[in-house]
Amino acid sequence: THGHRERGLPLAHIAGAAAGFPARRFGFGSKGRIDLGADADLVLADLGAEHVLRSDDLFYRHRHSPFTGRTLRARIARTILRGRTVFADGQITGPPGGRLTVPDDHTRPRGQED
């Protein structure tokens with residue numbers, strides 16, 4: 001809403017900031033990009049859907065968000081985890097099947113960047 005629609009930030013830039021930069025920063029080589037050998041973790045968004053975010057829309061333990069009550073100009077349509085749909089059409093469709101992800105290089109001192 002604020003980045004793409006209101007400020008014209010390219011979607012590729014937003015995806016890089018939300019997924020690519022953190023994956024590189026923390027050494028998660030199989031995350032944060034669409035590429036051969038990368039985990040097939042994707043979020044598909046409907047950029048034409050507007051909705052008011054309600055706390056019932058949040059699926060985490062403490063359903064608080066500074067965006068609750070605001071109109072958002074996109075909606076998550078589907079979430080895919082390692083190639084398997086875990087969220088679609090506003091509903092959780094199966095167990096998330098998450099796993100602990102550790103940096104590729106465990107020896108790098110914390111805070112040291114490439």
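The questions below set computed values against the cut-offs behind each label.

Tutor: Ground rules come first. This is a predicted model, where local features need pLDDT of at least 70, side-chain atom pairs count only at pLDDT 80 or more, and totals for chains, interfaces and linings use all residues. Residues are numbered from 1 along each chain as its sequence is written, and side-chain values use heavy atoms, with hydrogens and water left out.

Student: What makes up the protein chain, in helices and strands?

Tutor: The protein chain has 1 helix and 6 strands. Both are DSSP runs, numbered from the N terminus: helices are H or I with at least four residues, strands are E with at least two. From the N terminus on, the order is α-β-β-β-β-β-β.

Student: Why is the pair R5 and E50 called a salt bridge?

Tutor: A salt bridge needs a side-chain nitrogen of Lys or Arg within 4 Å of a carboxyl oxygen of Asp or Glu. For R5 and E50, the closest N and O atoms are 3.8 Å apart. The pair therefore qualifies. R5 lies in the segment before α1 (11-25) and E50 in the loop between β1 (42-46) and β2 (51-52), so the pair ties together parts 45 residues apart in sequence.

Student: How do you know that R73 and E50 qualify?

Tutor: Their N to O distance is 3.9 Å, and the limit is 4 Å. This pair also links distant parts of the chain: R73 sits in the loop between β3 (71-72) and β4 (75-81), 23 residues from E50. R5, E6, E50 and R73 are linked in a network of salt bridges. The whole structure has 7 salt bridges. One of them joins D39 and K31 at 2.8 Å, N to O.

Student: Which residues here count as exposed, partly exposed or buried, and why?

Tutor: Buried means under 20% relative accessible area, exposed over 50%, partly exposed in between (1.4 Å probe, protein chains only). E50 has 52%, so E50 is exposed. R5 has 40%, so R5 is partly exposed. R73, at 29%, is also partly exposed. D39 has 15%, so D39 is buried. Buried residues make up 17% of the 114 residues in the protein chain.

Student: What makes H51 buried, and what is H51 in contact with?

Tutor: H51 lies in strand β2. Its relative accessibility is 14%, which counts as buried. Leaving aside neighbours within four places in sequence, H51 is in contact (heavy atoms within 4.5 Å) with D57, R70, T71, L72, A74 and R75. The side chain of H51 also reaches the backbone oxygen of A74 at 3.4 Å.

Student: How do you know that β1 and β4 pair?

Tutor: Two strands pair if DSSP finds at least two bridges between them. β1 and β4 are joined by 5 bridges, so they pair. They run antiparallel. D46 stands opposite R75 in β4. The open sheet holds 4 strands in the order β1-β4-β5-β6, with antiparallel pairing. Why are β1 and β6 (91-92) the edge strands? Each pairs on one side only.

Student: What makes L9, L11, I14 and L47 a nonpolar patch?

Tutor: Patch residues have over 30% relative accessible area and no salt bridge; like charges are joined within 9 Å, nonpolar side chains (Val, Leu, Ile, Met, Phe, Trp, Tyr) within 5 Å. Take L11, found in helix α1. L11 has 41%, so L11 passes the area cut-off. Together the four expose about 290 Å² of accessible area, by the Shrake-Rupley method with a 1.4 Å probe; for residues, only the protein chains shown count as cover.

Notes
A polar contact is a pair of N or O atoms within 3.5 Å; within protein, one must be able to donate a hydrogen and the other to accept it, and residues adjacent in sequence count only if both atoms are side-chain atoms.
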